[in-house]
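Q: Could you walk me through this one, starting with the domains and then going on to the chain contacts, a helix pair and a sheet?

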Amino acid sequence: MGFSEADIGAILLTLRLATTVTILLLLFGAPLAWWLARTSSRFKGPIGALIALPLVLPPTVLGFYLLLALGPNGPIGQFTQSLGLGTFAFSYSGLVIGSIFYSLPFVVQPLQNAFDAVGERPLEVAATLGAGPVDRFFSIALPLAKPGFFTAAVLGFAHTVGEFGVVLMIGGNIPGETRVVSVQIYDHVEALAYDQANQLALLMVVFSFLILLSVYGMQKKSHRQVLRFSQ
Amino acid sequence: MSMDYKKFSRRVLCLALLMPVSTVAAELTVAVASNFTAPAKYLAEEFEAQSEHQVRLVFGSSGRFFAQISNGAPFDLFFSADQEKPQELIENGLAIDDSLFTYALGGLVLWSRDEQLIQSSPAVLSSNQFSRLSIANARHAPYGIAAEEVLSNLNLLANLQSKLVRGENIAQTFQFVFTGNAELGFVAKSQVYQDDILISGSAWQVTEDLYSPIRQDAVLLQRASTNDAALAFLAFVRSSRGRSIIRSYGYVVGD
Amino acid sequence: MNVSNHTANQISVAINHKLSERGGRTFNLDVDLDLPAKGITAVFGESGSGKTTLLRCIAGLETSSHGEIRVRGVVWQRETDFIPCHQRRVGYVFQESSLFPHLNVKKNIAFGISRSPSQLDTEHYHEIIELMGLASLLQQYPDQLSGGERQRAAIARALIIEPDLLLMDEPLASLDMKRKQEILPYLESVHEKLDVPIIYVTHSIDEVARLADYLVVLEEGKVIANGGLKEVLSNIEHPLHLGEETGVVVEAEVRERDSEWNLIRATFEGGELWIRDGGDEIGHNIRIRILARDVSLALSEHTDTSIINRLRVEVEKIQYVVGQSMLLVSLKAGNSTIIARLSRRSAHHLNINEGMEVWAQIKGVAILR
């Protein structure tokens, strides 16, 4: 037993990818979730649905369109080429882009729920105490939505770790660049290396279980906090 | 091999003589390696037209089929993309030894969508005219093993290592080139040739001395040992009509 | 639009804002008020009458309202000018506890201080903390406090920033009777010791009678009565639908204590009253409430009755309500007015007319504060 060098490379790459994607998603996702939680714009529905698409679409659909979009004739590919960056398929950056789309709902939705749960009232209170809109977001909405950030970060991270279909489509299986754990497991199975597949797969099962356990524990806690405010 | 074949065909012949012409319609399920998708469909269609039997085709990766068959998947026939997996199934007692035969030899082609890129030679591989070369994963895909062999024989494998992107199977390898994300790639001849004519782009048909033959074997699975429909379909695939269909998709078939 | 002379001692609010009520019925909040910039102005009305919306418009929390708001000479809203809520010098106490759950009491109170344009006066800070009895609670988190303590902290938080106007939206409504009684003295001391004007929304006439100096009555978004507390309560031409609670409030001074019978004697502009001794000291001003149902009339002074409070009064006005068996009579006692409720039959029997001198017999008097 023990992981091969290739396995460890895949594990480290996966952790790096998931960390990068989670940080980026929290940065972009928070304002988006904030907007979704508070707007009454007619675009709220369509945009919410668009973000949720990866929840219902097979990852291969997303991967396939990403492959087309990232390609030299696709819109993203044209854009990156015009910046002199070349195309992003089969690169770490491409994987980051793909994972951001893929894991977006797992970050935006918990954040949106958390902001919804904060409600109007604390923000109105803050306004009467002289806090402007940006101030209110940072001093009230963010701290009160903290459990939501935890859930979002954990789910976004875990979902990126577990991503397979999209990576398969746009990855190209390059060691240290795009060969993540899920692809490595697939390769082990295809190569009939069931022992190695089993080791890595077991690691994923244990990891996912621990992640979900922490999220459920946290949700109970945050539920209490929401109750507290409405007392 | 040819001994087995004779023995097997005699049995098929005997069965055919013993059976009344209008046999009871039966159904069979065939697991087919995805590179063989198109010819398998055509074969099944013709077979269904001339017999009472129904053929259900399931396409996928040979490695996955192997795992599924080992765990009791209800397939009657297995058309693998390689030789190892059918052989291993036989050794595990899951397939019938004397039914094993090579149904096709895959042809390897270096292909690009760009009509100018490949001048019917490997010259482009030593140029700087591309940044990505798509090949199948050599760990488990026979076309990937062949592609690495070619690169190795051309003394290019080490130099091109950083440009290689690997498809999990030959279909994905083709997809990378087709979408332009890789400028060229080693694909199956059956994917880009129809009746020996290049469908689009530019290509170099890799000469056979640069790689070991990509033998694709089929085998009758244990559970179907007495399935008339399965035997009949195997017989059809091996008939001259069947072989010419396979050949028309760019595969080499022994006589 | 309001064109009256506007001074620094006034709050003028002219607002038009669409309200939608439960059940899909919509009506407009349409008010044009000049309120004194001192004391407590109670806004009274049934639920759904637009009271809370009025407060929210004044605070700037309803951004789509139209109109003009000026507070102590400062324009908060006019035509296209709209000072956002966080730039208005306003304090707001919400109905339910609105302390930030992630901050302790001290930090809740400090939240407004650090965002206030004016320098914090430490004396003022300690005065408020003491006034609201919070000194021992500063390190506590909201979920460790009782409902009353939370509301006191919320009031302190609103007061500490020295707002030009304090808005209170039914601050006692979420509390039980005991907690209400616990908070009311704190509100009274704010009234006595600080000169911040307060607009106090409530649907409880008890709170109005006890706290208010000025009264605005809202019904379906319109002002149906507006003026000094005593005047509005004693005006029987605009009945406030108070039913059994109809009555007046008078200010009186404690003059004498009769320990033997546990009574005190208090004088007001219209005479003197003996009231159950509530412990008020001699010389103190007290506010008392006389309900119309507790006042009966006689043509001559009766001494052979259990009622000890009898005042010589003049019938000012008689208000008949078509189809009802009862009527209201307003009575002039010196410069004060009290109201009596009689059956129409009794009024007919006594042949009461406006201008007549009669004896008012007062069965019960309650000291409010």
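A: The domain assignment of chain B gives domain 1 (2-105 + 216-248) and domain 2 (108-205), with bounds that come from an automatic or database domain assignment. This is a predicted model, in which local features need pLDDT of at least 70 and side-chain atom pairs count only at pLDDT 80 or more, while totals for chains, interfaces and linings use all residues. Residues are numbered from 1 along each chain as its sequence is written, and chains are lettered from A and ligands numbered from 1 in the order in which they are written.

Q: How far apart do the C-alpha centres of those two domains of chain B lie?
A: The C-alpha centres of domain 1 and domain 2 of chain B lie 30 Å apart. Their contact takes 8 residues from domain 1 of chain B and 8 residues from domain 2 of chain B, where two residues are in contact if their C-beta atoms, placed from the backbone, lie within 7 Å.

Q: Changing topic, how many residues of chain A are in contact with chain C?
A: On the chain A side there are 17 residues, in contact with 20 residues of chain C.

Q: And which elements of chain A give two or more residues there?
A: Those elements are α6 (121-128), α7 (133-144) and α11 (194-230) of chain A, helices being DSSP runs of H or I with at least four residues and strands runs of E with at least two, numbered from the N terminus. The most comes from α6(A), which gives 6 residues to the side that touches chain C.

Q: Now the helices: at what angle do α4 and α5 of chain C cross?
A: The axes of α4 (residues 147-160) and α5 (residues 177-193) of chain C cross at roughly 20 degrees and come within 9 Å, axes being lines fitted to C-alpha atoms, for helices over the stretch in contact, with angles from 0 to 180 degrees between N-to-C directions. That makes α4(C) roughly parallel to α5(C), a term for angles under 35 degrees.

Q: Which residues make that contact?
A: From α4(C) they include Gln151(C) and Leu159(C), and from α5(C) they include Ile183(C) and Tyr186(C).

Q: Last topic, what is the strand order in the sheet of chain C?
A: The 5 strands form an open sheet in the order β16-β20-β17-β18-β19, with antiparallel pairing, and two strands pair if DSSP finds at least two bridges between them. The edge strands are β16 (295-298) and β19 (336-343) of chain C.

Q: Over how many bridges do β18 and β19 of chain C pair?
A: Strand β18 (residues 326-333) of chain C and β19(C) pair over 8 bridges, and Leu331(C) stands opposite Ile338(C) in β19(C).

Definitions and conventions. Angles under 35 degrees count as roughly parallel, over 145 as roughly antiparallel, 65 to 115 as roughly perpendicular and the rest as oblique.
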